[in-house]
Amino acid sequence: MKVALRHVKMSGIFEKSLESIGSLLSPLGTNVGLKHMLERCVTSRTKREEEWMIRDCLRLVKAKLSEPSSKPSTVIKCLAFSIFSELSGYKAEFAYIHAVKLAQNGSLAEKKMGYLACAFLLRECDSLAVLLVNTILRDLTSKNIYVVAMALCASCHVFPHDQVTVLLPVLEEKLKHPSDYIRSKAVIVLHHFYRVFPQLCLQYVTSVKVMVGDKDPGVVAHVLQFLFVVAEDLPDVVMDIMPALVQIQNQILDGKLPLEYAYRGLHAPWMQISIIRLLRYLQEPGLDIYMLIQKTLQNVKLQIENAIGAAMVCECITTLVYHKVGDEMLASALLCVVDLMASPNSNLRYAGLSLLEIVLQQYKLPLSTAQQDVVLTSFCHPDEAMKRRTLSLLCTVAEAHNAETVCTQVVDYVCDQCSHNPHLQHDLISRAVALTDKFPNSQTHWHIAALIRVLPLARDKQAKAIQRRIQLMLLAGNGSLEQRTIARSKVLNILGKYSESKTVSTAVLEVYVWSLSQFCGAEDDQLSSKGRLSCKTTVESRRSGKKC
């Protein structure tokens with residue numbers, strides 16, 4: 001039976017192979033042969049069948065490329081299948097040299113396919129990539145802008161890193177090309193090489209800054225993105241172009257750009273985002289900058305339900321917070337944040353919660369009843385990410401009168417939802433501990449009770465830190481002697497209840513033993529000496545790995 005099944009499977013594979021061979025040997029210069037080969041490989045039922053099919057087709061492609069009279073159209077089809085096999089994980093190294101040859105010699109379409117194949121098949125460190133250096137440099141001097149554009153694109157993928165110094169001066173010349181298409185491509189390529197070799201490209205930043213005044217808005221858009229990356233490393237470089245940025249932003253808001261730059265009812269939104277980000281690097285922004293950002297917010301408010309509109313709101317408010325503007329100006333901007341938080345779109349609501357947290361970390365602005373209701377409603381959202389963001393926000397806005405409630409919510413969430421996420425667990429425990437440090441209460445001593453509750457959930461160094469906090473709070477104490485005695489008695493009672501559980505953590509037992517040794521006198525009849533000895537024995541046995 002097994003032999004028969006194997007025979008049937010092999011017969012099926014053989015039939016597919018014959019069909020693929022027939023389609024391959026049928027004019028490969030047409031799309032039919034390539035299409036059938038790809039279909040047979042894609043529809044393979046098993047990994048083994050796929051491997052057998054692709055390797056068999058690669059042998060046929062190799063034989064076809066070895067023929068001295070192969071037409072360029074046939075070579076293109078063979079290279080297309082070679083790219084498919086490489087992307088599928090099967091090497092086709094024999095095709096690399098043919099891709100280089102096609103890029104070096106051929107018509108515009110053939111050169112395009114040659115560069116595309118080189119970008120997929122070659123790496124900057126490959127020895128064959130060196131053969132393309134002269135080809136790219138020659139094509140960059142072509143009068144055909146499409147040939148120049150292809151050479152610029154290919155240089156990002158296959159130009160050897162040790163030859164970049166030869167390419168950069170040529171790129172600088174292309175920044176002044178009469179075609180805006182080539183100028184845009186040159187900025188993009190220089191942007192690419194700046195990320196890889198920033199020190200080599202710094203001398204060309206001045207030439208790019210001049211292009212902020214380019215007559216084509218598309219070129220300016222690419223220039224702004226490049227300058228933002230430069231400003232992250234060298235903020236002073238963009239200081240002298242700030243007046244030009246303000247002028248460009250005003251032109252965008254006044255609708256002076258062509259309609260092709262409009263998106264979702266907004267004029268050149270990505271250009272506006274780049275400009276707003278660059279404005280953060282102003283050392284002392286004036287009132288005109290703040291008014292420009294306010295004007296931008298008013299302009300985008302009608303499109304806040306779109307993702308791009310929400311992104312612009314986030315950038316504007318983040319910039320205002322970065323420059324620490326006055327409460328009155330920021331309060332008006334918070335209306336946009338409230339609109340985001342009330343959005344039925346979960347992504348926009350999440351963005352609104354994140355933005356509100358950023359604002360309230362810097363400003364102690366009071367939240368209205370409606371705003372508080374929106375925050376609490378988000379905590380009931382079925383999305384766990386929304387709940388975590390709401391908890392983070394609640395920790396930020398917590399005050400003395402509600403800190404205990406917020407801390408309880410955080411600890412409850414850690415107990416119920418974070419057992420399989422140690423990173424989130426560590427972060428939320430840190431926030432709960434921060435609340436106990438910020439809002440201690442010498443009357444109710446809730447902060448100590450919260451630390452004891454969160455102690456079993458902490459791990460390693462975090463648990464040790466919480467133990468030290470509890471010990472310091474008990475030793476220092478707040479208020480009168482009577483209040484300190486009451487606090488220590490409450491702690492002993494809480495720890496005593498925890499210690500009665502069979503699953504109590506060692507960290508809690510260690511604090512309990514320490515507390516007994518420090519505050520439980522000989523006259524204390526709540527815990528006998530036998531009980532203390534039993535508790536100590538439990539701790540020691542857990543440390544040594546023995547059963548108590």
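Residues are numbered from 1 along each chain as its sequence is written. In this predicted model local features need pLDDT of at least 70, side-chain atom pairs count only at pLDDT 80 or more, and totals for chains, interfaces and linings use all residues, while side-chain values use heavy atoms, with hydrogens and water left out.

Confidence is lowest in helix α1 (residues 2–25), with a mean of 46, and highest in helix α10 (residues 180–196), at 95, helices being DSSP runs (H or I) of at least four residues, numbered from the N terminus. Where pLDDT is low, the predicted coordinates should not be read in detail.

Helix α10 also carries Arg 183, whose partner Asp 214 sits in the loop between α12 (205–210) and α13 (217–233), 31 residues apart. The two form a salt bridge with the closest N and O atoms 2.9 Å apart, the term meaning a side-chain nitrogen of Lys or Arg within 4 Å of a carboxyl oxygen of Asp or Glu. Arg 183 is buried at 7% relative accessible area, where buried means under 20%, exposed over 50% and partly exposed in between (1.4 Å probe, protein chains only), and Asp 214 is buried at 18%.

Arg 280 and Glu 315 form a salt bridge at 2.2 Å, and Glu 357 and Arg 389 another at 2.7 Å. Glu 357 is buried at 4%, whereas Arg 389 is partly exposed at 22%.

Technical notes
pLDDT = per-residue confidence, 0-100. Helix = DSSP H or I, 4+ residues; strand = E, 2+ residues; numbered from the N terminus.
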